[in-house]
Every structure is written in structure tokens, then in C-alpha cells.
Amino acid sequence: MDINNKLRSVDIYTDGACSGNPGKGGWCAVLLCGGSEKTVSGGDAETTNNRMEVLAAVKGLAALKYGCAVRLYSDSAYLVNAVEQGWLRGWQARGWTTADNKPVKNKDLWLELLKEMKRHEVTFIKVKGHADNEYNNKCDKIAREEITKL
């Protein structure tokens, strides 16, 4: 917290990538706070693009040591809509089933995301992928580089 007992403001940019779907995947989160920048990234030998998108958000939030006011930017409609359009609340209310009564995919990661979100005030913001957003492009590049390490 800062001097005024306000939550520290942090911007987090995230992206996930996959070569094959399923296949090798990578993720990246860039955290920006008060002129400082931190990058976290990783990969998985057998995964999906959606898993990497959600994992990037989980890892980005988990990298914060204190509760923060977070603006989390992602080009993943799957991630952003799940939170901002209430899909997550609906899935939970239906016992982790979708509107068409199928099991929710990536439940393990959604549970991790919910846990991390409790520590912070998080707003998810959809950005256009592969466009002119410097940090989205940086995340995409690093996530794809993670795939090559596998």
C-alpha cells in the first residue's frame, strides 16, 4: 500500500501461445508499476492456447507481493469475458458446468485465478491482439519464445 492507504496501481499485460492446440505452449505476463517493469513467463510441453491465456493471468497476479489495484490487459476473449461478462459466476453457480451442461474446461486454472483475484482489485481489459499495443506484442513474443525452449 502507498502512504495514503490506497492500493498500489499495477498494469499487467498477459498473453498465451500454443504450437498445435493441444501442443507445446508458452505464457507471459508483464507487470508495470511506478516506472518499474517485471516479466514472468514459462511454458508447458502439452497444453492448449486457452490454458496458457488463463495461466498467464494467474502467474501475473501471483507475482504481486501485496494486494494491488490491477488493470489486467489480455487479447483473450475467453479470459476477459469469463470474468467481465460473469461466465465464472455462472459456472460456479451451476457446479462448474457450462450453460449447455458440460464440464467447464480448465477448472483448475479458474480456481487458481479466483484465489489470486481475492488478493487484489482486478479489472480485466480486452485488447486487440497482434496490433499496436507494445506490451501485448512483447508478451506474445516472449510466450512464443517459451515454446521454442520446450
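This is a predicted model: local features need pLDDT of at least 70, side-chain atom pairs count only at pLDDT 80 or more; totals for chains, interfaces and linings use all residues.

Trainee: Okay, let me try it out. Is Asn-106 buried or exposed?

Mentor: Buried, because its relative accessibility is 13%. You'll find Asn-106 in the loop between H3 and H4.

Trainee: And Asn-101, buried or exposed?

Mentor: Asn-101 is exposed, since its relative accessible area is 62%. Asn-101 also sits in the loop between H3 and H4.

Trainee: What's the phi of Asn-101?

Mentor: Positive, about 65°, although Asn-101 is not a glycine. Asn-106 isn't a glycine either, and it has a positive phi of about 65°. For background, most residues other than glycine have a negative phi.

Trainee: Got it. Which peptide bond is cis?

Mentor: Look at the one from Asn-21 to Pro-22, where omega is near 15°. Pro-22 belongs to the loop between S1 and strand S2 (23-33).

Trainee: New topic: rings! How many aromatic pairs are there?

Mentor: The count is 5 aromatic pairs. One of them joins Tyr-13 and Tyr-135, with 5.3 Å centre to centre and 35° between the planes, a tilted arrangement.

Trainee: Where do Tyr-13 and Tyr-135 lie?

Mentor: Tyr-13 is in strand S1 (residues 8-20) and Tyr-135 is in helix H5 (residues 134-148), so their pair ties together parts that are 122 residues apart in sequence. Tyr-13 counts as buried, because its relative accessibility is 11%.

Trainee: What about Tyr-78 and Trp-110, how are those rings arranged?

Mentor: Their planes are at 65°, so that pair is edge-to-face, with the ring centres 5.3 Å apart. Tyr-78 is in helix H2 (residues 77-84) and Trp-110 in helix H4 (residues 107-118), 32 residues apart, so you get a link between distant parts of the chain. Both Tyr-78 and Trp-110 are buried.

Trainee: Which residues share an aromatic cluster with Tyr-78?

Mentor: Trp-87, Trp-91 and Trp-110 form one cluster with Tyr-78.

Trainee: How much of H2 is buried?

Mentor: H2 is mostly covered, with 6 of its 8 residues buried. Among them are Tyr-78, Leu-79 and Asn-81. The buried residues of H2 pack against several elements, including S1, H1 and H4.

Trainee: How do H2 and H4 sit together?

Mentor: Their axes are 13 Å apart and the angle is about 55°, so H2 and H4 are oblique to each other. Their crossing is right-handed. On the H2 side, Tyr-78, Leu-79, Ala-82 and Val-83 meet Trp-110, Leu-113 and Met-117 of H4. By class, that contact has 7 nonpolar residues, no polar and no charged ones.

Trainee: And how do H1 and H4 cross?

Mentor: The axes of helix H1 (residues 49-62) and H4 come within 9 Å and cross at roughly 25°, so H1 and H4 are roughly parallel to each other. This crossing is left-handed.

Trainee: Which residues of H1 and H4 meet?

Mentor: In H1 they include Arg-51, Val-54 and Leu-61, and in H4 they include Asp-108, Trp-110 and Glu-112. That contact of H1 with H4 divides into 10 nonpolar, no polar and 4 charged residues.

Methods: Residues are numbered from 1 along each chain as its sequence is written. Side-chain values use heavy atoms; hydrogens and water are left out. Rings of Phe, Tyr and Trp (its six-membered ring) pair if their centres lie within 6.5 Å; planes under 30 degrees apart count as stacked, over 60 as edge-to-face and the rest as tilted. Helices (H or I, at least four residues) and strands (E, at least two) are DSSP runs, numbered from the N terminus. Buried means under 20% relative accessible area, exposed over 50%, partly exposed in between (1.4 Å probe, protein chains only). Axes are lines fitted to C-alpha atoms, for helices over the stretch in contact, and angles run from 0 to 180 degrees between N-to-C directions. Angles under 35 degrees count as roughly parallel, over 145 as roughly antiparallel, 65 to 115 as roughly perpendicular and the rest as oblique. A crossing is left-handed if the near helix is turned anticlockwise from the far one by less than a right angle, and right-handed if clockwise. Contact means heavy atoms within 4.5 Å. Ala, Val, Leu, Ile, Met, Phe, Trp, Tyr, Cys and Pro count as nonpolar, Asp, Glu, Lys and Arg as charged, and the others, Gly among them, as polar.
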